[in-house]
Amino acid sequence: MARAGAAYYAARDPFHDFATSPELSQAFGECLGLWAAVTWQAMGRPDPVLLVECGPGRGSLMADALRAIDEMMPDFRAALRVHLVETSPRLREAQALRLGDAAITWHEDITTLPTAPMIMLANEFLDALPIRQFIRRGAIWYERFVADGMFIEMPSDAVLQEEAPEGAIKEVNEAALDFAAWLGRWVTLHGGAALLIDYGPGQTGFGDSLQAIRAGQPIDPLTSPGQVDITAHVDFAALAAAAGAAGAVTHGPLPQGVFLQRLGFMTRAAMLARLAPASAQAQLAAAHRLTAPEAMGRLFKALAVCDPRLLILAGFEAA
Ligand code: SAH
């Protein structure tokens with residue numbers, strides 16, 4: 001999954017295959033930018049502060065966020081340093097183009113970020129990290145591997161939970177768990193907060209969520225590795241536990257629809273529709289898609305990992 005994902009993002013424009021929230025509506029990045037600005041104030045306005053995005057895709061979220069920050073809170077714009085964590089050279093180019101003359105530092109991974117208070121945004125980043133799958137057979141777990149283009153199973157000595165029905169599939173995303181633990185330590189030591197938006201159930205459970213998409217259609221993940229988008233559900237409960245064990249406070253996961261509405265997303269989308277009547281219909285349809293429970297409003301969720309000294313976090317107040 002790791003190699004297929006890296007090959008895919010390196011060689012193709014993933015946005016032919018699927019549409020993400022920042023590509024559907026500029027109000028998404030604008031609201032997240034203002035969330036970052038309010039969070040910066042709650043942190044005591046540190047200067048400098050890192051504004052980090054993991055897996056920034058085409059750079060749209062960051063471009064929309066910076067534009068909103070520029071307009072609404074120029075002090076924050078002056079204090080922030082943009083750092084993008086992106087492995088794909090092709091997408092780095094797209095990000096540089098999109099972000100124009102903003103000063104940006106790119107990183108292969110989070111380990112090279114400078115030490116400073118941080119506000120992090122990540123949308124549909126964790127779902128791209130590789131999972132391992134285990135299957136319950138009798139009293140033990142088997143691990144699923146790929147060999148000769150097929151799934152095979154091998155007995156495993158992985159220590160997983162003991163009670164599981166026959167044939168149950170357990171997914172473990174070690175890269176995402178390590179990331180959450182790192183984040184938990186970082187914000188506790190240096191200050192800050194991270195907003196992780198992705199899709200998956202609220203509770204840890206069993207099931208095969210590995211999926212591949214080509215041109216908006218589901219496709220067998222083994223058919224064309226490296227040429228299709230391959231992802232898995234994010235286990236928010238496990239991420240929150242990993243970040244919490246590292247010292248951080250977590251909020252959520254909150255359904256994306258609820259979170260966005262609390263940030264004033266619908267008001268902003270309606271304003272954009274009024275400002276540009278020609279695209280009003282598309283604006284409102286996108287806003288509906290991002291927030292409606294039967295579309296992306298419920299399956300997508302927002303989880304915040306933050307410094308325990310940060311008492312209130314916009315959007316999560318009543319959660
Ligand atoms: N956040 C964007 C893009 C989501 S697609 C949006 O919402 O539109 C996933 C992004 O994560 C791509 O930019 C991809 O290149 C990047 N990515 C995938 N695996 C990565 C890894 N291990 N490290 C850093 N970036 C990664």
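This is a predicted model: local features need pLDDT of at least 70, side-chain atom pairs count only at pLDDT 80 or more; totals for chains, interfaces and linings use all residues.
**Entry 1**

I looked up Glu 174 and found it partly exposed, at 38% relative accessibility. Residues are numbered from 1 along each chain as its sequence is written, and side-chain values use heavy atoms, without hydrogens and water.

Glu 174 forms a salt bridge with Arg 132, with 2.8 Å between the closest N and O atoms. A salt bridge here is a side-chain nitrogen of Lys or Arg within 4 Å of a carboxyl oxygen of Asp or Glu. Glu 174 lies in helix 7 and Arg 132 in strand 5, so the pair ties together parts 42 residues apart in sequence. I take helices (H or I, at least four residues) and strands (E, at least two) as DSSP runs, numbered from the N terminus. Arg 132 is partly exposed, at 31%.

**Entry 2: Other salt bridges**

I searched the whole structure and found 12 salt bridges. Arg 98 pairs with Asp 64, their closest N and O atoms being 4.0 Å apart. Arg 98 belongs to helix 6 and Asp 64 to helix 4, so this bridge ties together parts 34 residues apart in sequence.

Arg 144 is in strand 6 and Asp 208 in the loop between strand 9 and strand 10, 64 residues apart.

**Entry 3: Pockets**

I recorded a volume of about 830 Å³ for the largest pocket. On a 1 Å grid over the protein atoms alone, a pocket is an open set of points where a 1.4 Å probe fits, with protein on both sides within 12 Å along at least five of seven lines; lining residues have an atom within 4 Å of a point. The volume is the space filled by probe spheres set on the points, which are joined across faces, edges and corners. The largest pocket is lined by 41 residues, and those closest to its centre are Gly 55, Thr 87, Phe 125, Ala 128 and Leu 129.

The second largest pocket has a volume of about 540 Å³. Among its 19 lining residues, Met 1, Ala 2, Phe 145, Val 146 and Phe 151 lie nearest the centre. Strand 6 gives the largest share of this lining, four residues.

**Entry 4: Backbone**

The bond from Asp 47 to Pro 48 is cis, with omega near 5°, and Pro 48 sits in the loop between helix 3 and strand 1. Gly 252 and Pro 253 are also joined by a cis peptide bond, with omega about 5°; Pro 253 is in strand 13.

Asp 148 has a positive phi, near 50°. This residue lies in the loop between strand 6 and strand 7 and is exposed, at 80%.

Notes:
Buried means under 20% relative accessible area, exposed over 50%, partly exposed in between (1.4 Å probe, protein chains only).
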